[in-house]
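Let's take a walk through a protein together, starting with a word you'll need and then looking at some ring-shaped side chains.

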Amino acid sequence: MTTLTHRARRTEISKNSEKKMESEEDSNWEKSPDNEDSGDSKDIRLTLMEEVLLLGLKDKEGYTSFWNDCISSGLRGGILIELAMRGRIYLEPPTMRKKRLLDRKVLLKSDSPTGDVLLDETLKHIKATEPTETVQTWIELLTGETWNPFKLQYQLRNVRERIAKNLVEKGILTTEKQNFLLFDMTTHPVTNTTEKQRLVKKLQDSVLERWVNDPQRMDKRTLALLVLAHSSDVLENVFSSLTDDKYDVAMNRAKDLVELDPEVEGTKPSATEMIWAVLAAFNKS
C-alpha cells in the first residue's frame, strides 16, 4: 500500500472520528437530564431560545409585551449558549493579555449542522467572519445593532417568528391573526399549557425547592435559562404565580445569582464559560 493511500485512509478515519464526536455531543444534549421531560411532554425537546420565547409570550394573546425591548438580544444570547452547549463554538483560551470573558473571541469548534435553522445560520456567520469577534459583538451583530453597514449581513431576521414557527410545529403554539385597529398581526397563543407550566415549575423549583446556592452545582441548562430569562426581562413571568413570600425568595435568589461576578464564576473548574460571557455582555450593555 502506498504512502498516499495510507495518508488518505488516515484522513478518512480522522474525519469519521470528528463526525462521531459531533454526533455523540448532539446525542448527549438530547439525553441530558434537563431535556428529559415527564408526562405528556416527554417527547418534546426545546432549545434555549424556544424556552425564552415561550416564557415571554402571553398565553391567550400570543405575543410578547410591547414594552419588552430586551428579548431580542436575549434570544441571540441564547443562540450562542446553545451552540456552545452543543459543542459547536467556544471561547478562545485565556492569555495574559486576554483574560476577561468579554475580551476573548468566539471560535468555531465544528460547523456540523445542528438541525435548527437559526443555529445553523449563526454557525455560517461565525465560520465566515475574519477576524473573529467577541460574545458582546456577536450579540450586537445578530441583533442588527451595529453602525457598520458592511456587517448588517450578520443580522438574524424574523427571529421571534421563526422560533414561534418551531414551537407551532412542536404542538406548543398555534397561529392566529389579530386586528389592532391600524394593522393586522400574526400571533401565537399557547395551546400546550402543560409544557409551559412544566417549564415555569422547573425554574421556580430551581430557586426554591432545589436551591443549592451555588451556580456550579446547578444544572447547566437551567442556569443558562435563568440568566437568559433575566436578560430578556421575562423572569417576572416565571415567578408571578407564586405566593408573595415565595415570590420574594425566588426573586432575591435569582437576583443574587445574576449579580455574581461573571469573571470569577467563569474561571471555576466546572463552569460553562459561554453562560457567564453572555451574562457579562448583558451586564455591560
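A residue is called buried when its relative accessible area is under 20%, exposed when that area is over 50%, and partly exposed in between, using a 1.4 Å probe and protein chains only. One thing to keep in mind: this is a predicted model, where local features need pLDDT of at least 70, side-chain atom pairs count only at pLDDT 80 or more, and totals for chains, interfaces and linings use all residues. Residues are numbered from 1 along each chain as its sequence is written, and side-chain values use heavy atoms, leaving out hydrogens and water.

Start with the big picture. The protein chain has 12 helices and 4 strands; these are DSSP runs numbered from the N terminus, with at least four residues (H or I) for a helix and at least two (E) for a strand. Of its 285 residues, 47% count as buried.

Now for the rings. The structure holds 2 aromatic pairs. Rings of Phe, Tyr and Trp (its six-membered ring) pair if their centres lie within 6.5 Å; planes under 30 degrees apart are stacked, over 60 edge-to-face, and the rest tilted. Tyr-63 and Phe-66 are stacked, because their ring centres are 5.2 Å apart and their planes sit at 20 degrees. Tyr-63 is buried at 14%, while Phe-66 is exposed at 54%.

Trp-138 and Tyr-154 have ring centres 5.6 Å apart and planes at 70 degrees, so this pair is edge-to-face. Trp-138 lies in helix H5 (residues 135–143) and Tyr-154 in the loop between H5 and helix H6 (159–169), so the pair ties together parts 16 residues apart in sequence. Trp-138 is buried, at 1%, and Tyr-154 is buried too, at 10%.
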